[in-house]
Amino acid sequence: MKVQAGAWSWEQQPGCVPEPWPRTMDILETDARYHRNIAADATSRRLKLLPFLASCGLYFALWLPEPSWVSTGVKSLPLLSLVFFLTAQAWGDGAWTPSARRVRWGLMFSGVGDACLVWPQLFLLGMVAFALAHICYIWALGLRPARPWLLLLLALAWAGTYTMLWPCLGGPYVPAVGGYGALLAAMGWRALAQSPPRLAMATGSLLFMASDLVLARDHFCAPVPWARLIVMGTYYAAQGLIAAGAPRASPRWKES
């Protein structure tokens, strides 16, 4: 076969298979767009967390004496900011799932608990509010996979802790602290048992348990140095991680 100069083409050469350039370019373009969306999603999440970070900074910068109505409002601002973050994030990416709603309810109950704990006479009511928050978190995470060995480990840890706190408790706090601690351990169990692991929520649950342990020791037994700083620092970090790691469906752009 005679081929004219400048007229060569794949179709004229027997056995030659053309490279699928258009399809390859489409794949590369889709991959680049996917990575751009991931970066944009991460940036959007960080921006929506700014009110939470700013309100945490305000709380520690002002360090208002308690109790007072002003300190109550300032203390509750970070949790209200997390409610905003979770709501805006869920609506923004089209992933407003039942689990996200339950975590939001948990954050709202936690905000009520924060306000109650400012006032010593409302401490028990604050415990009830936080207990409801833990129920919401457990509900959001579900009961599968079970991992009974992890539940047993946390139950034993709480039993040991409760035994140490027992001599310091009295009146309604004996059953209240026991029940609350059981819910706290159950929340930690569900956060740590997730598959695949949810690092943010698992870390948040551990920080929550550490915060409450210091709070219980300081409130019921003996003063703990820098208790308020330790409790609030670990607590805000815990709630921020729980909100950031809340179960969410795939955003719309991941499905396109």
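Predicted model: local features only at pLDDT ≥ 70, side-chain atom pairs only at ≥ 80, totals over all residues.
A residue is called buried when its relative accessible area is under 20%, exposed when that area is over 50%, and partly exposed in between.

The overall architecture is considered before individual residues. The chain contains 9 helices and 0 strands, and the order of elements from the N terminus is accordingly α-α-α-α-α-α-α-α-α. Of the 256 residues in the chain, 40% are buried.

Side chains of opposite charge can pair when their charged atoms come close. In the present model, 1 salt bridge was counted. The partners are Glu 66 and Arg 228, whose closest N and O atoms are 3.4 Å apart. This pair links distant parts of the chain, since Glu 66 belongs to the loop between helix H1 (21–62) and helix H2 (69–92), whereas Arg 228 belongs to helix H8 (residues 227–244), 162 residues apart.

A disulfide is a covalent bond between the sulfur atoms of two cysteines. The model holds 1 disulfide, formed by Cys 168 and Cys 221, with 2.2 Å between their sulfur atoms. The link of Cys 168 and Cys 221 is right-handed, with 110° about the S-S bond. This pair, too, links distant parts of the chain: Cys 168 is placed in the loop between helix H5 (148–165) and helix H6 (173–192), while Cys 221 is placed in helix H7 (residues 199–221), the two being 53 residues apart. Cys 168 has a relative accessibility of 27% and is therefore partly exposed. Cys 221, at 25%, is partly exposed as well.

Helix H5 shows how burial can be arranged around a helix axis. H5 comprises 18 residues and reaches 25 Å from its first C-alpha to its last, close to the 26 Å expected at 1.5 Å a residue. The buried residues of H5 are Leu 150, Leu 154, Trp 158, Thr 161, Tyr 162 and Leu 165. Because these residues cover an arc of only 100° around the axis, they lie on the same side of H5. An α-helix has 3.6 residues a turn, so residues three or four places apart point the same way. The face of H5 turned away from its buried side carries exposed residues, namely Pro 148, Trp 149, Leu 153, Leu 156, Thr 163 and Met 164. The cover over the buried residues of H5 includes H6 and H7.

Gly 188 is found in helix H6 and, at 0% relative accessibility, is buried. When residues up to four places away in sequence are not counted, Gly 188 touches Leu 154, Ser 205 and Met 209. Leu 154 is itself one of the buried residues of H5. Between Gly 188 and Ala 202, which are 14 residues apart in sequence, the C-alpha to C-alpha distance is 7.1 Å.

H3 has 20 residues and reaches 29 Å from its first C-alpha to its last, close to the 28 Å expected at 1.5 Å a residue. The buried residues of H3 are Ser 99, Ala 100, Val 103, Gly 106, Leu 107, Ser 110, Gly 111, Gly 113, Asp 114, Cys 116 and Leu 117.

A residue of helix H2 provides a contrasting case. Leu 80 lies in helix H2 and has a relative accessible area of 56%, for which reason Leu 80 is classed as exposed. Leu 80 and Pro 51 are 29 residues apart in sequence, and their C-alpha atoms are 9.3 Å apart in space.

Technical notes:
Residues numbered from 1 in each chain as written. Heavy atoms only, no water. Helix = DSSP H or I, 4+ residues; strand = E, 2+ residues; numbered from the N terminus. Expected span 1.5 Å × (residues − 1). Buried < 20%, exposed > 50% of the residue type's maximum accessible area, 1.4 Å probe, protein only. Disulfide = S-S within 2.5 Å. Salt bridge = Lys/Arg side-chain N within 4 Å of Asp/Glu carboxyl O. Arc of directions from axis to C-beta. Contact = heavy atoms within 4.5 Å.
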